[in-house]
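Let's take a walk through a protein model together. Keep the sequence and the picture side by side as you read.

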Amino acid sequence: MPLSIQAVVDALGAHAPHPFAVTLPDGARHACGDGAPAFTLHLRTEAAVLATLARGHIGLLEAYFDGEVDVDGSFHAAMAVGLASDLSRGTNPLLGAENRLHELRHSNRDPAQAKANARFHYGLGEPFYRLWLDDPLKMYTCAYWREGTATLEEAQRNKIDQVIRKIRLGPGERYVDIGCGFGGFMFRAWETVGALGTGVNTTTEQVDWLRAEIARRGLADRLAVREADFRDVDAQYDKVVSIGVLEHAGRDQLAEVIRAHADFLKPGGLGMLHFIGHVGRYDTELFIRKHVFPGGWIPSLADVIVEMERCGLEVVDVENLRRHYAPTLDAWAERFERHWPQIQALDPQRFDERFRRIWRTYLVGCAEMFRAPTGYTHLWQIVFSKGNVTRDNYPMSRAHLYRDDAGDGGR
């Protein structure tokens, strides 16, 4: 085995949490770790070997997407090994340049490009998402797995109810749901506390579906959705809900998007920022930006708080829900795999084997990323107010967050 290939295998195995094996195009097999391998990585072509040598983990992943690499055994274990390996830790100037070029081509600075970026991922259609998200809310963000939670559906209801309690959302209050998806938060907030919601969403396909669903349910006088960029502020609301939006602000638009959140909120109002954020400043993974979320950028928690302070927002509460994202992604990945024949049948050309491999890597890889004991990517919920809270508009303790009755909004 050439030294360069051996170095790749050693890099994969240096910090591996599981034993594994690698096979090469000539049939040579190499094992790492003690015991039966949790998975075997088959590099089937010399092109796959060269791509891995030249471009590290990105080259290996893209060879897998192209069918030149296969994985037998536990895909979760393979992703955990990849995340822990030196192959993904090093700095590759080629990948850095590729990430910068991607930013030039896909920056969210231009609202039209931001819309195209959003539609690339979220515009795949409600029938696609319905097959593997929770039914019927279709929440595509981290769920809340409090003790005793048994299903994804329950965990997503938990999340919505907890946000309702955190921002003290009550009957008749008007709120804006920035990046409202398929309206799951809006429908449950109406059903549980009678709050009046307006969604803002730049993805045409989701807006069209949600507008029709609101009409079907006879809720047009209580709920609405605007097709607009997240930075397009039309009014001020009693409360602001932002769940899984900040990651899509873009590398250089964080201040602009947080300013919009502040402008959406009435003085004295409360809001929620629920987002994936780094502990420290890091580039966002090229695989995610290139193949899953073009234009996306994961900000640091510190930078988010600085921008909130600049906008006159008081940080009232910060909670880290990183551990809740792994089981959420596990559930999505399991449902995605189980329903793959139905997904493929929706559009065999769009949902082909390459698509399956990319999304399998995305869902399982992110689950292992949030599960990793040394990871720097977390899930934050920040409760904020426009101006400082007082005894009159926010409790002096957290007792309201942990009441069993979610239907009263914690009041």
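Val22 stands opposite Leu41 in strand 3. Before going further, note that this is a predicted model, where local features need pLDDT of at least 70 and side-chain atom pairs count only at pLDDT 80 or more, while totals for chains, interfaces and linings use all residues. Residues are numbered from 1 along each chain as its sequence is written, and side-chain values use heavy atoms, with hydrogens and water left out.

Now look around that pair. Strand 1 (residues 20–23) and strand 3 (residues 39–43) run parallel and are joined by four bridges. Strands pair if DSSP finds at least two bridges between them; strands (E, at least two residues) and helices (H or I, at least four) are DSSP runs, numbered from the N terminus. In this open sheet, four strands follow the order 2-1-3-4, with mixed pairing. Strand 2 (29–32) and strand 4 (69–73) are at the edges with a single partner strand each, so one side of each has no neighbour in the sheet.

Strand 6 (residues 196–201) runs parallel to strand 7, with five bridges between them, and Gly199 stands opposite Val225 in strand 7.

Turn now to a pair of helices. The axes of helix 2 (residues 46–65) and helix 15 come within 8 Å and cross at roughly 140°. Axes are lines fitted to C-alpha atoms, for helices over the stretch in contact, and angles run from 0 to 180 degrees between N-to-C directions. Helix 2 and helix 15 are therefore oblique to each other, as angles under 35 degrees count as roughly parallel, over 145 as roughly antiparallel, 65 to 115 as roughly perpendicular and the rest as oblique. Leu61, Tyr64 and Phe65 in helix 2 are in contact (heavy atoms within 4.5 Å) with residues of helix 15, including Arg354 and Ile358.

What about the largest nonpolar core? A nonpolar core is a set of buried (under 20% relative accessible area, 1.4 Å probe, protein chains only) Ala, Val, Leu, Ile, Met, Phe, Trp, Tyr and Cys residues joined through side-chain atoms within 4.5 Å. The largest one holds 66 residues, and Phe128, Tyr129, Trp132, Tyr140, Trp359 and Tyr362 touch the most other members. Helix 15 (residues 353–371) gives the most to this core, with nine residues.

Conventions: Buried < 20%, exposed > 50% of the residue type's maximum accessible area, 1.4 Å probe, protein only.
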